[in-house]
Amino acid sequence: MPFSLRLGGDVAAVAVLVLLLLLAFSPWWAAGRLIAPLDILDAVYAPWNADATRVDMHNHFTGDAVTQYLIYRKIAERSFAEDGSIGWSDLTGGGRPEHANTMALYGDWTMQLHRFLDFWTAWHLGLMGQFLLAALGMFVFLRARDRSPAVALVGAVAYGGNTQFVLWIFHRWQLGAFAWVPWMVWAMDRDAAGRRWAWPLVPVFMALAFLGGNLQTAAFVALVAVVMALARVMRAPAGPNGRRVVAARFLAWSVLGAGLAAFTLLPATYAFLETLEIGLDRGGIGYANGALQPLLSLLFIPAQLFPSLLGGPGSMDLAKVLKLDQFDIAFFGFLPGILACRALFLRGAPPAARWLMILGLGLPLTPLVGPLYHRVQLLFIFGGVWAFAWYFEHAAGEGVDPVVRRIFFAFVALVALWLAGSIAS
């Protein structure tokens with residue numbers, strides 16, 4: 001009976017995830033609308049803007065999707081139909097070997113949908129599949145860590161709907177890579193629990209994560225693997241054999257995972273080194289916005305717990321005042337975020353979750369913000385959802401935390417003031 005009840009809860013939770021995903025994409029499958037920033041094309045670019053009387057678009061930050069990422073998938077569709085593989089493209093300059101374009105994510109599994117589906121069906125089903133993989137992976141990971149179906153469901157929704165996935169939806173680097181990270185860590189956990197069938201799954205999920213993103217997001221995935229390795233080594237039995245075996249296992253996983261994705265990782269690394277050599281400083285080590293950037297980034301951290309305070313591109317955009325923008329926000333829900341931050345200071349919280357949160361928040365304050373960008377906060381999001389689920393079931397069971405209670409009342413007051421101000425204005 002307990003197993004049946006537990007299975008029923010899991011099935012119900014997964015059904016809720018699928019329902020939420022279907023609702024989110026209902027403008028496409030129910031109303032025939034396209035989830036792509038084509039308003040930018042109609043308002044800005046000639047000759048498509050010939051009938052535009054004024055520039056009026058929903059979000060101009062997503063312009064790269066029109067000029068690059070939609071085109072990459074159009075190239076894939078045509079290349080699969082004509083050649084059966086990604087080859088030469090004559091749509092850029094005088095032409096180039098498109099398979100060497102490491103920003104296009106041609107190694108991601110969703111690209112293969114363009115082999116046998118029409119363009120917009122492949123586009124939307126690929127997005128839906130990636131969001132489902134991310135949310136379902138977090139649910140499975142948290143359930144394997146003995147979180148209840150309800151808490152795992154909240155964690156899955158928080159992870160699948162985080163701002164780094166949603167705001168960057170058309171670029172796909174974040175979503176394509178970190179949709180696989182919960183699965184990778186889950187397989188590592190299963191292997192640690194003695195499930196030997198999980199061993200080969202780790203490098204497979206790791207390679208899929210590498211292929212789903214660009215070189216920066218591959219570095220973030222590698223950091224997750226390093227953190228998990230350190231946590232496992234610290235828990236390994238005393239003596240050289242225990243720790244050596246664990247370290248060797250993670251080394252083998254890393255070599256195999258990188259090897260499976262080498263056809264993308266090697267040219268991506270070569271391209272990155274070339275850009276540094278010719279003086280492009282976007283990926284260089286240092287602070288592009290000056291010496292005050294670490295301080296401004298530090299001020300930006302607490303604002304992410306309630307990002308409405310930052311305004312938006314159509315109003316007073318405080319993120320720009322801090323020399324950042326909306327894309328730098330790492331938000332996965334106010335309550336999960338608050339509980340995750342509280343867990344950060346509790347000794348019993350999972351060490352790996354705390355380390356990931358610290359890395360995600362701390363690295364953007366260092367000169368590494370150049371090559372890694374602020375999107376390294378994906379580490380904070382993954383670790384934060386993990387820490388939230390732990391706090392909810394362990395620390396909360398010991399009674400109401402006075403710190404969280406005070407924060408909650410402050411939040412209620414803030415929302416009330418915010419609502420009153422919105423009505424008054």
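**Entry 1: what I am looking at**

I note that this is a predicted model, in which local features need pLDDT of at least 70 and side-chain atom pairs count only at pLDDT 80 or more, while totals for chains, interfaces and linings use all residues. Residues are numbered from 1 along each chain as its sequence is written, and side-chain values use heavy atoms, with hydrogens and water left out.

**Entry 2: ring pairs**

I looked up the aromatic pairs and found that the structure holds 23 of them; rings of Phe, Tyr and Trp (its six-membered ring) pair if their centres lie within 6.5 Å, and planes under 30 degrees apart count as stacked, over 60 as edge-to-face and the rest as tilted. Tyr69 is buried at 6% relative accessibility, and Tyr72 is buried at 8%.

I then turned to Phe382 and Trp386, whose ring centres are 6.2 Å apart with planes at 65 degrees, so this pair is edge-to-face. The two residues are four apart in helix α19 (residues 378–393), about one helical turn, and Phe382 is buried at 0% relative accessibility. I also wrote down a cluster in which ring pairs link Tyr69, Tyr72, Tyr106, Trp168, Trp173 and Phe327.

Where does the charged end of Lys74 sit? I found it over the ring of Phe119, 4.5 Å from the ring centre, the rule being that NZ of Lys or CZ of Arg is within 6 Å of the ring centre and within 35 degrees of the ring normal. Lys74 also meets Glu77 in a salt bridge (3.7 Å, N to O), a term for a side-chain nitrogen of Lys or Arg within 4 Å of a carboxyl oxygen of Asp or Glu. Glu77 and Lys74 both lie in helix α4, three residues apart, and Lys74 is partly exposed, with a relative accessible area of 42%.

**Entry 3: other salt bridges**

I recorded that the structure holds six salt bridges. In one of them the side chains of Asp10 and Arg143 meet at 2.6 Å, N to O. Because Asp10 lies in helix α1 (residues 2–24) and Arg143 in helix α5 (residues 119–144), this pair ties together parts that are 133 residues apart in sequence. Asp10 is buried at 18% relative accessible area, and Arg143 is buried at 9%.

Arg196 and Asp191 form another salt bridge (3.4 Å, N to O), in which Arg196 is exposed at 52%, whereas Asp191 is buried at 2%. Salt bridges that share partners join Asp191, Arg196, Arg232 and Arg249 into one network.

Terms used. Buried < 20%, exposed > 50% of the residue type's maximum accessible area, 1.4 Å probe, protein only.
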